[in-house]
Amino acid sequence: MAYEAGSYDVIVIGAGHAGVEAGLASARIGAKTLMVTINLDMVAFMPCNPSIGGPAKGIVVREIDALGGEMGKNIDKTYIQMRMLNTGKGPAVRALRAQADKFTYQHEMKKTLENQENLTLLQGMVESLIVEDGECRGIITQTGATYYAKSVVITTGTFLRGEIILGELKYSSGPNNQQPSIKLSEHLEALGFDMVRFKTGTPPRVNSHSIDYSKTEIQPGDDVPRAFSYETTKYITEQLPCWLTYTNEKTHTLIDNNLHRSPMYSGMIKGTGPRYCPSIEDKVVRFNDKPRHQIFLEPEGRNTQEVYVQGLSTSLPEDVQQDILRTIPGLENVQMMRAGYAIEYDSIVPTQLWPTLETKKVKNLYTAGQINGTSGYEEAAGQGLMAGMNAGLHSLGREQVILSRSDGYIGVLIDDLVTKGTNEPYRLLTSRAEYRLLLRHDNADLRLTEIGYNVGMISEERYQKFLSKKQQIEEEIMRLKKIILKPNAEVQGLIQSLGGSELKDGIRASDLLKRPEMSYAHIEQLAKATSELDDEVKEQVEIQIKYEGYIEKSLQQVDRLKKMENKKIPNQIDYDDINGLASEARQKLKSVRPLSLAQASRISGVNPADISILLVYLEQGRIAKVANE
Amino acid sequence: MELDTIAAISTPMGEGAIAIVRLSGPEAFDIADHLFKSVGDKRLKEVPSHTIHYGHIIDPKTDQVAEEVMVSAMKGPKTFTKEDVIEINCHGGLVSVNRVLQLMLTNGARLAEPGEFTKRAFLNGRIDLSQAEAVMDLIRAKTDKAMNVALGQMEGRLSNLIKRLRQEILEVLAHVEVNIDYPEYDDVEEMTHHLLLEKASFVQKEIEQLLRTSQQGKILREGLSTVIVGRPNVGKSSLLNSLVHENKAIVTDIPGTTRDVIEEYVNVRGVPLKLVDTAGIRETEDIVERIGVERSRQVLKEADLILLVVNYSDELTDEDINLFKAVEGMDVIVIVNKTDLEQKIDMEKVRQLAANQKLVTTSLLEEQGINELEEAISELFFTGSIEAEDMTYVSNSRHIALLHQALNSINDAIEGVDLGTPIDIVQIDLTRTWEILGEIIGDSVQDSLIDQLFSQFCLGK
C-alpha cells in the first residue's frame, strides 16, 4: 500500500562511499536530508580492497577533506597502516595510502551519520522515482512509502541489476551477497536513460592463521605519523603490516589448464571490465611472458582473521581458486574463507549528466559513484560529495558548484565523465590530469578550502586557521625573496658540505633554495624566520619556491583554459542553426551540450575549426543583442 | 579574448613585388622590436602609430641580416584586427618571406590559423554582423583546404618519422606514469634520470636533424633549381622573360649563396622555380660561354629541372644534339620555340632525341604555348616525377615552427634532468614535446597515453 511518509529537501539513495558523502554534504549545507539504503549494517562498506588512497585517489581524499567531506577524517580514525607513496619523486605525485580496518571504518562512519544534524537514516529499498513534467519530486520504496524532495541523488554502486559470477555459477545479487536493486534499474531505463553493463571483480579472502608469513616479505607502514585530514591531530601509533608474495609457473599453468572453466573466456561475462584491474586469469593470458605476479596479503581489520589477497582478483570456479592459492609461497596450506567473484551491474552513460552531476533528462535528479561508470571508493566519494553539495544547494535555491580541471582531481574526474564518457569502469590516474603539478597532495587545502567554506561545509574556526596558514606562506616566500645571502664562510661552508658549487656573489635566499641540493631546512639555518613556522607552512614555501618555474608554466596554461571556460554556451543554443559545423561535431555537441567553449573543445570529434565557428556564432548573438538594444 | 600574437604571410605567394608578413596581438611590438633593427636604432614601441620604418630583420641567433625591410607599426584599436599590428614589407619571393616569418614564429608568435585575422577583426567588433556568416564560411573553407594540403604533405616519410618519435616518447611517458600510479609494482623498471636523458637526447637529435634538413635545400622553400639551356639565339632570354613577366617575380640577389650565378624566383602554378644563372642568359645567352664547360656541367648536374630550348626555324645542329646528350637522364622539358617562323627543324628527330621527356612547342614572341609549358612544369612537379633531395621533408612554415617549439620543449626536459629535477616534473616538458609533435600530424589525444599504459604493463589488483 502506498502511503505518504515525509518530505525533505534532499533524498540520497544508497549509503556507500558516494552516498555517505552526498548525505553529509547536503545536511551540512543546511538541507533537510533523508538517506535511504537497503541495509543499514552495510553503510560505507568496502566490498573490495580494504584500503583508501594511493596515487591520484589519495589526493581526491585530501580534496574531499578540504571541501568539508568525511572520507579523510574517517580513515584517519580507523587505519591499520598508513604510507606516503612516491616519496622519492616530485611533490606533485606524492600520495597517501591507508589500509583500513574495514569494520571500524563502517562503524565510525555510521556514528558520524547518526550524529549529523539535518540527516535522517532509513533502511529501505527504493523502487521508483516520482517524476512529473521532467522533474524529480521524490521516491517510492518497496513498502509503498512515498517521500517527497526537491532534489534526489542516486548512489547505487554495483547494486543495479547486479549479478555475481563465480565459475559456472551466476546469480542475481548485489556485492557480497546483498539484495540487488532491480526495479530501480528498470525504472531508470523506462525514464529513457541510456544504460551500459560494466563488470568488476574481487579476489578471495583467506584465513590469517593458515598463512606461513615466513615465506613472504613484510610491508610495514611509515614510522612518521600521517593523516589525510587537515583537521586530524590524533594519530594511531600501532600499525599492522601487509605481506608480499608472488605467483609462479605452477600458478600460471594451473590457470591455463582451467581457462575453459573461466566465465571470462566462456562468454558468460558480457560486461566491460576495467583494464587497470584485470583478473589474474587475464594477466596470465595477456602477459604470458611474465614469470610471476605480485600478491599482497592485506589484513581486513584488527579484529578479524580475514586477509585480502590483492593481485588475485578472479571469477574462476571456487575449487580452482583454492588450488591456485596453494601454489603461492606462504599459502601452501591456506584456508580460503570467501571465494573471489566477478560482478556485473548497470550504470548510466555519464554524458547524460551536467557537470553539476544533475541529469539532463530529469531535473532535480543527481547521480554519483559507480552508477556513473566509475570504480573506486575515492572516485565515488568525490562525486558523492559534489552531487550532494549541489543537490543541497539547488534545493535551497543557491548557486551550484562546478570544479574545473585546474581546481582538483575531482574536477578532472567529473569533467572526463560528463564530457567524454567512458567505455570501461573509470579510474583516476595521475596522467588524466593535465595540471598535476598544481593538483598536489600538499596544497589541496589551498585549492579548495575557500569553496568548502563558502557553501557552509567548513567551520569558521577551521577557516580562520586556514587563512592564517595561507598568510604565513605568502609572507615567508616574500621574506626569502628579499633576503640576500652573502658568500661568507657560513654560507659557503653549508653549500660545500652539500656538494654544491660555491657562490661567487650574493644570492637571494629564494634562489639558493632553488638549487637541487638545498631544502628549506638549510635555508632556515642561514636566514632564520622571525617566528617558528608549522611544518606544513615550511613544506609549502619549499615547494612553491623550488618549482616556481614549472608552476608558472602550468598557471599560464590554466589562464588560457579559464578564458575559454568563461565563454559560456547558452543552454538553448540550436546547433542545427550553425552553418559550417562538421556533422560529427554537431552530433556530439547536441548530445553532450557543453556549458562552455572549453568543455566543447574537449569533446572528441569536435575540432578547432568547429570551436572557431562556434565562437563566431556565439559572438554573433552577442553583437545582435547589442544592436537590438 | 585571445592573448597570443599571431603571424602569417598576408600577400599571395610569389605574385607581388613585395610580400607582407603581418603580426597581430599584444606582443606584436615586442616581437618586432626583438628582430628589427632600424637605421637610427628606433624602437617600434616608441615611434608614432601608423608610421613606416626602414631597416633590417636580424636573426638573433646568428646576428646576421636576414632581410631588408620596411616595417609599418600600427597601434590598436585603429587597425584591421583592433589589436596591435606590425606589417613587415619584404622583397617578394618565397625564401626571404618565409625566413622572416620563421623568425617571427620562433620568437613568440604563433602561426595564424586560416582566416584568423578576419576572425579577430570580427571578434573585436571590427566587422559588422552581416559579415559573420562569411567569416564562418571562410574558416571552414580555408581549414578544409589547409587540411587537405597538410594531409597531402603528411603522407610518407615525415609523418612516419614523427609518429615513430611520438611512440618513443609515449613509451617513456607510460613508463614514468606507471612508476607514479603503481609505485609498488616491482616488475616495472624505475625510470631513472639516466634512462630518461638517453631517450630525450635521442628525440632531441632527431628533431634537430629534421630541422637541419628543413633548412637545407627544401624545394618548397627554396624553389626547384631550374636551368635554361640552348644554343645562342633560340629564345632562352625570351623564355626567361615570359616566365618572369607572366608570374611577376622579382630578382633576388642573396648574398653569400650566389657567387657568379644570380638566381631568380618565379612561382609557376604553385611550383616555385629557382632560375639559375639568369644573368648569364641575359648577358650572353650562353651559359657555357659564360661560366665555362666544367662549371656548366656542374650547374646542370645540380639542377632539379632543365628547360632545353631548340629553334623551330633552324635545323638541328651538333651543338643541339650534344645538349640533348648532356641532359640525358635528367628531368627535362624540351621547348621547340619560334613556331611563328617557318619550320626548318625535323620534329621527328626532336621527338626521338627527347625520348620520353616532355615536349612543348611555343612561340614566345606571340605568347603561344606558354600555358602548355606551365602545365608541363606543374605536372612534372605534382606527379612527383621530379625526385629532388629531401622532398618529403619539412617544408611548411607551420611544421617548422612546431618543430622549433618541440625542440625547445625537449631541451627544457634535458635541462631539467641536468638540474636533478624530479622525473615526474621533467615529464611535463616531455609530454609537451609529445603534444607539439602531435599537432604536426594532427593528432594529440591524451587517451593514447592511458592505452599505452595498459598495453605495455601488467597492472591490477
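The exercises below work through parts of this predicted model, each with a stepwise solution.

Residues are numbered from 1 along each chain as its sequence is written, and chains are lettered from A in the order in which they are written. Because the model is predicted, local features need pLDDT of at least 70 and side-chain atom pairs count only at pLDDT 80 or more, while totals for chains, interfaces and linings use all residues; side-chain values use heavy atoms, with hydrogens and water left out.

**Exercise 1.** Determine how many helices and strands chain B has, and what percentage of its residues is buried.

*Solution.* Start with the DSSP runs, in which helices are H or I over at least four residues and strands are E over at least two, numbered from the N terminus: chain B has 17 helices and 13 strands. Next, take buried to mean under 20% relative accessible area, with exposed over 50% and partly exposed in between (1.4 Å probe, protein chains only); of the 461 residues in chain B, 54% are buried.

**Exercise 2.** Describe the order of the open seven-stranded sheet of chain B, and explain why strand 3 and strand 7 stand at its edges.

*Solution.* Two strands pair if DSSP finds at least two bridges between them, and the order in chain B is 3-4-5-6-2-1-7, with mixed pairing. Strand 3 (36–38) and strand 7 (110–111) of chain B each have a single partner strand, so one side of each is left without a neighbour in the sheet. Within the sheet, strand 1 (residues 6–9) and strand 2 (residues 18–24) of chain B run antiparallel and are joined by four bridges; Ile6(B) has Ser24(B) as its bridge partner in strand 2.

**Exercise 3.** Identify which strands of chain B helix 3 of chain B lies across, and at what angle it runs to strand 1.

*Solution.* Helix 3 (residues 116–123) of chain B lies across strand 1, strand 2 and strand 7 of chain B, where contact means heavy atoms within 4.5 Å. Its direction is at about 135° to strand 1 of chain B, with axes fitted to C-alpha atoms, for helices over the stretch in contact, and angles running from 0 to 180 degrees between N-to-C directions.
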